[in-house]
Amino acid sequence: MDLATYRLLQDIGEKLGLLGIGVAVFLAVVGLILFLADKAPKRGRDKVQLAVFVAPALILLAIGLVWPALQTGWTAFTDGRGTFIGLQNFVWMFTQSTILTTLLNTVVWVVLVPTLSTAIGLAYAVFIDKSHGEKILKSLVFLPMAISFVGAGIIWRFVYEYRSPGYEQIGLLNQILVWTGAEPQQFLINSPWNTLFLIVVMIWIQTGFAMVVLSAAIKGVPPEIVEAARLDGAGAWKIFWNVTVPGIRSSLVVVVTTITIATLKVFDIVRTMTGGQYETSVVANEMYSQAFRLGEPGQGAALALVLFVMVLPIVIYNVRVMRKQKEVR
Amino acid sequence: MATTVPNVSRRAARETTVDAKPRTKTGRVKQKLTSRWATTAAIVIAVVWTLPTFGLLISSFRPESEVNSSGWWTIFANPAFTLENYGSVLFSQGASSASLGSYFVNSLVIAIPGTLIPLALALMAAYAFAWIPFRGSGPLFVTVFALQIVPLQMALIPLLQIFTNMGINGSFIGVWIAHAIFGLPLATFLLHNFISEIPGDVIEAARVDGASHTQIFTRIIIPLSLPAIASIGIFQFLWVWNDLLVALVFSGGTVDVAPLTQRLAELSGSRGSDWHLLTAGAFVSLIVPLLVFFGLQRYFVRGLLAGSTKG
């Protein structure tokens, strides 16, 4: 065994050891705390146990999420070094043409991804419902859900790969163009269309999610109602719009809102495929660049705040729906 | 991927059965819903959704010179396969090599505690919210639910500051804690949905018998929620395994801690046209999610539905 291999194995061994220790320590601490809480004096035992159960999660969330989020909210109005500068970061945002493009791109993403993913997912779910091999047909479309955005980014960069005309194409899409007699295109570079080609990747990932959820919802629509509508002479199209869609409304809402939120936060795809160049950047990517690469935490925080404001209406809507459901229950 | 081949024949089989016997009861329903156009559309979608990944997989086994000079579809005309790409992507040493083997281990070391910690804490919190009545329980739970949708981006800058002050930036511990924090709201919410559905009689009976909350938790709640724990655990695991943003901010970016995704994103930038390396590398990162997906699909789907149909 040469030295390099030995080092590699040693390194792997050390890391796995760390993993084992980390897991063991965590489980031991949790177990010990639970054990001690159980042995607490009977008076007030319930209170102690309540604290033991909720406190770890709440403390972690308070320190790691709530407090940082508030701080970011404040940083958005500073220059990033503690000096309050009012709305200057936002003025910067809405006057820089690159950032305006970024905002516009985000809007395009948010309009296209949820609608198209949901539409395609729903159509596919209806088409394959009760068909032979439904399970396999489902997994094919669902599979992209399991893989990383980085992986998906590489997969699709390969599909879009460009070679000058005259050379043999290695990207599938350009080869198809060549076969049909068209010129090969630099899909990821030619603005503004390149944003659409990035959006395709997100749709490719999210359609499976929409399809699985909606398919389950469709199966929940009582078959008697469908049958009754059929006996009344309704066609497939009418049944779909008047029976199926109303029957799966709440699932549709969940799917659209979930995908919308995921899309607002999209980062990995843009970063892997174009790095935000060629006018393809989106808010989440720009936020990362400003805060962590360009050393402008104030501007980064302002972008994060914009992201939050965009997500907020959806959160409020979701909480409302949840409250209503709780009342029903 | 392995299912692609049998699937084509199954799909063909389906088409013929749909056409051949439309007069059985299910057949009639089916025919109304899925006309020939619908079937065609479904097949087109299935093919379009599968081809990109299929092309990647094929390419990862082609020799370097071929991958970079001809399309993967030409493999059917002149087959040539090699495992060399995987060898060089995983094990080759040196500063400029991908050395994904080490990053693969990093991903594992990040993802396992990154799943276990939030899951355990969320399970405890979910039990408290569902079965320990206390003042402010409702609003507090709604807050946790709402936190789920606070963008990660809102927390990154200050959290990095905190970690740097604590000296855990760029270490596994930092990445674990970050993933635990970001995974907690959703996991708590989903587990609460499940745990609150456990029949109250069971828990009441245990209370009457004098069981403490700890006992109820370990003897009733955990065993009964194992399916939910599995589903949500798979989700969290995949989320952590596939994550890029948290890694970029907290891992420090070195081979000591950084996960596969981060290294791949780097390679995609720096060696963007070395497709023999990128295809194999991408597939190395996909293999674990794919195994999870095919092996545990039932839980995967169930977890997803639990999260959305109750929402």
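These legends describe close-up views of a predicted model.

Residues are numbered from 1 along each chain as written, chains are lettered from A and ligands numbered from 1 in the order written. Local features need pLDDT of at least 70 and side-chain atom pairs count only at pLDDT 80 or more, while totals for chains, interfaces and linings use all residues.

**View 1. Chain B is built with 16 helices and zero strands.** Helices (H or I, at least four residues) and strands (E, at least two) are DSSP runs, numbered from the N terminus. Of the 311 residues in chain B, 49% are buried. Buried means 20 or more other C-beta atoms within 10 Å of a residue's own; exposed means 12 or fewer, and partly exposed lies in between, with C-beta atoms placed from the backbone. Contacts in chain B between residues at least 6 apart in sequence include 74% that join residues at least 24 apart. Two residues are in contact if their C-beta atoms, placed from the backbone, lie within 7 Å.

**View 2. Chain A and chain B meet through 101 residues from chain A and 104 residues from chain B.** On the side of chain B that touches chain A, helix H6 (residues 100–131) of chain B gives the most, with 16 residues. That side holds 65 nonpolar, 34 polar and five charged residues. Here Ala, Val, Leu, Ile, Met, Phe, Trp, Tyr, Cys and Pro count as nonpolar, Asp, Glu, Lys and Arg as charged, and the others, Gly among them, as polar.

**View 3. B:Ala42 sits in helix H3 (residues 36–60) of chain B.** B:Ala42 counts as buried because it has 24 C-beta neighbours inside 10 Å. Leaving out residues up to four places away in sequence, B:Ala42 touches A:Tyr124, A:Phe127, A:Ile128 and A:Leu137.

**View 4. The largest nonpolar core has 179 residues.** Such a core is a set of buried Ala, Val, Leu, Ile, Met, Phe, Trp, Tyr and Cys residues joined through C-beta atoms within 7 Å. H6(B) gives the most to this core, with 21 residues. B:Tyr127 is among the residues with the most contacts inside the core. Not counting residues up to four places away in sequence, B:Tyr127 touches A:Phe53, B:Ile195, B:Phe217 and B:Ile221.

**View 5. Helix H12 (residues 226–242) of chain B is mostly covered.** Of its 17 residues, 13 are buried. From first C-alpha to last, H12(B) reaches 24 Å, close to the 24 Å expected at 1.5 Å a residue. The expected span is 1.5 Å times one less than the number of residues.
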